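Here are my notes on the model, as numbered points. Please read them with the coordinates open.

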Amino acid sequence: MNLMTLENISKSYSEKILLKDISFGINEGEKIGIIGVNGTGKSTLLKIIAGAEVPDNGTIIKANRVKVEYLPQNPDYNEDFTVLQQVFKGTSSEMKLLLEYQETLDTLSKDYNDNLNSKLISLQEKIDALNLWDLESEAKTVLTKLGITNFSQKVKELSGGQRKRVSLASALITPCELLILDEPTNHLDNDTIDYLEEYLNSRRGSLIMITHDRYFLDRVSNRIIELDKGRLFSYDGNYSTFLEKKMERLALESSMEEKRQNLIRKELAWVKRGAKARTTKQKARLQRFDELLNKDTYTPDEKMDISVGSTRLGKKIIEMHHISKKFDDKVLIDDLDYTIARTDRIGIIGKNGMGKSTLIKILNGEILPDSGNIEIGETVKISCFSQDDSHMHPDMRAIDYVKEASDYIETADGAKISASQMCEKFLFNSTMQYSFIGNLSGGERRRLHLLRTLMLAPNVLLLDEPTNDLDIATLNILEDYLDEFNGIVITVSHDRYFLDRICNKIFAYEGIGKIHIFTGNYSDYSIYREIQGIEFKEEVKESPEKTPLKKEKPKPSKKLKFTYNEQREFETIDSDIEKLEQKIEKLENDSIKFATDFVKLQEILNEKTNSEAELEHKYERWEYLNNLAEEIENSKN
């Protein structure tokens, strides 16, 4: 059964065309994921489907008695409502009845009178007749699964993330044939996203959503719609199927464009013939040539190359010595002791509100620990991509915001790229560069913030929920950049794909302030956690007077010191590593130079393999010697 059909929908803002004559239908049982680069009109399309916005052109045909429920990115709230009242603030008659019942019950509990009591009994009879008590029970179950347990708490007392989860619960339980969700996984932790996947997979009815979570798309959606430069492409299947079918489409379009160019060259040669030929040219053929030249053609996305350079790290990077932090009575970090290694790619995970962003802020120097200390090496250059974009002044032009960080950066090969050129690589054309930040979409502002962060050419990157509001194309490029990045990456993220792709260590908040350090990516840790039966705790059990116990380091039985050879190796290992890296780079260039000389090429590849093995050994020695140096230093105290 077809629920809704959109025909020739167009929408523009000022001179920017978001949607251009797009048409598609939504059928019963479909779970549709919408993807596309930020600023291409994804949220606008959802608003048009939900009836919150009107298209400039086109028609929308909706089947009779089809109910639509819409969760925008920034829902409206009544701050004086309780959590349950806000959940029941739906548009359906059932939700209005439950809201009226909840409001009457709350009023009656404060000021009893016979009239209100009679009204409450009448409402209870109506709810009985419609069998809506299960809906209230489901609301409380969903809220609990989403991390909201105090149903009588006022909305104004909730954090931004908690408010979004209350609105999500309201959308999920509202009876409807078509559920529309705009970035539902934002502000949700990994366990909650797992629950949402299960809920949506078991839910009857159709779904259309925008999300950047690729695992979520893969597990929930059975159809992908891609918006690209005003055009719409539909693919049956999940995200993995979409990737395969898109590659086929791009190959076909590339072949068709090549044929068009060949035909244009032939027609152009015909047009350029002598004067005598021009007098006998068929009018239809000239018209066809004109159509070939003016035909709208597909231009592949420009690759956002962000392979910027970074300064080299010295022996000392970041050392956390027994740091602890709490706010009021809530312990966020309890005795964390860790020395960051040169090869660390750390993912920080845990329930919302447990202190993940606090750890990032401590590392960035924004706040100080209550006890313990952090030592940062002299060569360390930290840059932080935070959730907060309040520093982005809406009246500042995009190019000026980037230039505040730097007028140019050096690439990994030493070339210089201007701020304007980097903007182009991030899909900010010359017009958009001089747009005011206030006129950019939320996703475009995040992309601009990311560009500024990388313009600082750091060697330690702190990323606080980097995947929020970034489109999948930008995430892919960021991941490619991080693959080549020579520095440290420390990220808070709920994006499981991102954590699997980037991280080799996990900092997991498993208890009140207790951080378990696990070697491996997110999927590795999930398997370990399932085997161990670990559940993340959310509430603080400790009294404010209780002081976290310090871990006593065992005193060495004898005085630690380097051997003669270790001392010499420690003094030269940095330069040895640098020489090996340069040698491998030269061998890579030589392999291109001698690509046709198979004998010479094989010699180069063998030498490169041996050099890479030697470099890996040097990295392991570097880590061992630096850890030993730290222990020697501690033994002197």
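1. Phe518 and Tyr525 are both buried. Their rings form an edge-to-face aromatic pair, with 5.6 Å from centre to centre and 70° between the planes. Keep in mind that this is a predicted model.

2. A second ring pair is worth a look. Tyr481 and Phe485 have ring centres 5.6 Å apart and planes at 35°, so this pair counts as tilted. Both Tyr481 and Phe485 are buried. In the whole structure there are 9 aromatic pairs. Elsewhere, ring pairs tie Tyr235, Tyr239 and Phe242 into a cluster.

3. Overall figures for the protein chain come next. The secondary structure amounts to 21 helices and 20 strands. The chain has 637 residues, and 47% of them count as buried.

4. Strand 12 (residues 345-349) and strand 18 (residues 488-492) run parallel and are joined by 4 bridges. Gly347 stands opposite Thr491 of strand 18.

5. Which strands pair with strand 10? Strand 13 (residues 371-376) is one of its partners, antiparallel and joined by 5 bridges. Here His321 stands opposite Asn373 of strand 13. Strand 11 (residues 330-339) also pairs with strand 10 in the antiparallel sense, over 6 bridges. On that side, Glu319 has Thr339 of strand 11 as its bridge partner.

6. Strand 10 itself is mostly covered, with 8 of its 10 residues buried.

7. Is Lys325 buried or exposed? Lys325 sits in strand 10 (residues 318-327). Its relative accessibility is 11%, so Lys325 counts as buried. The side chains of Lys325 and Asp370 are joined by a polar contact of 3.2 Å. Beyond four places in sequence, Lys325 touches several residues, including Lys330, Val331, Leu332 and Ile333. Thr358, Ile362, Ile367, Leu368, Pro369 and Asp370 are also among the residues that Lys325 touches.

8. Two of those contacts, Thr358 and Ile362, are listed among the buried residues of helix 12. Helix 12 (residues 356-363) has 6 of its 8 residues buried, so it is largely enclosed by the rest of the structure. The buried residues of helix 12 are Lys356, Thr358, Leu359, Ile360, Ile362 and Leu363. Gly365 follows helix 12 and has a positive phi, near 80°.

9. Last, consider Asn238. This residue is found in the loop between strand 9 (231-236) and helix 9 (239-271). Why does Asn238 count as partly exposed? Its relative accessibility is 21%, and the buried class ends under 20%.

10. The surroundings of Asn238 can be followed atom by atom. One polar atom of its side chain lies 3.2 Å from the backbone oxygen of Asp218. The backbone nitrogen of Ser240 lies 3.3 Å from a polar atom of the Asn238 side chain. Leaving aside neighbours within four places in sequence, Asn238 is in contact with Leu217, Asp218, Ser221 and Ile224. Between Asn238 and Ile224 there are 14 residues of sequence separation and 6.5 Å in space, C-alpha to C-alpha.

Notes: Residues are numbered from 1 along each chain as its sequence is written. Side-chain values use heavy atoms; hydrogens and water are left out. Helices (H or I, at least four residues) and strands (E, at least two) are DSSP runs, numbered from the N terminus. Buried means under 20% relative accessible area, exposed over 50%, partly exposed in between (1.4 Å probe, protein chains only). A polar contact is a pair of N or O atoms within 3.5 Å; within protein, one must be able to donate a hydrogen and the other to accept it, and residues adjacent in sequence count only if both atoms are side-chain atoms. Contact means heavy atoms within 4.5 Å. Two strands pair if DSSP finds at least two bridges between them. Rings of Phe, Tyr and Trp (its six-membered ring) pair if their centres lie within 6.5 Å; planes under 30 degrees apart count as stacked, over 60 as edge-to-face and the rest as tilted.
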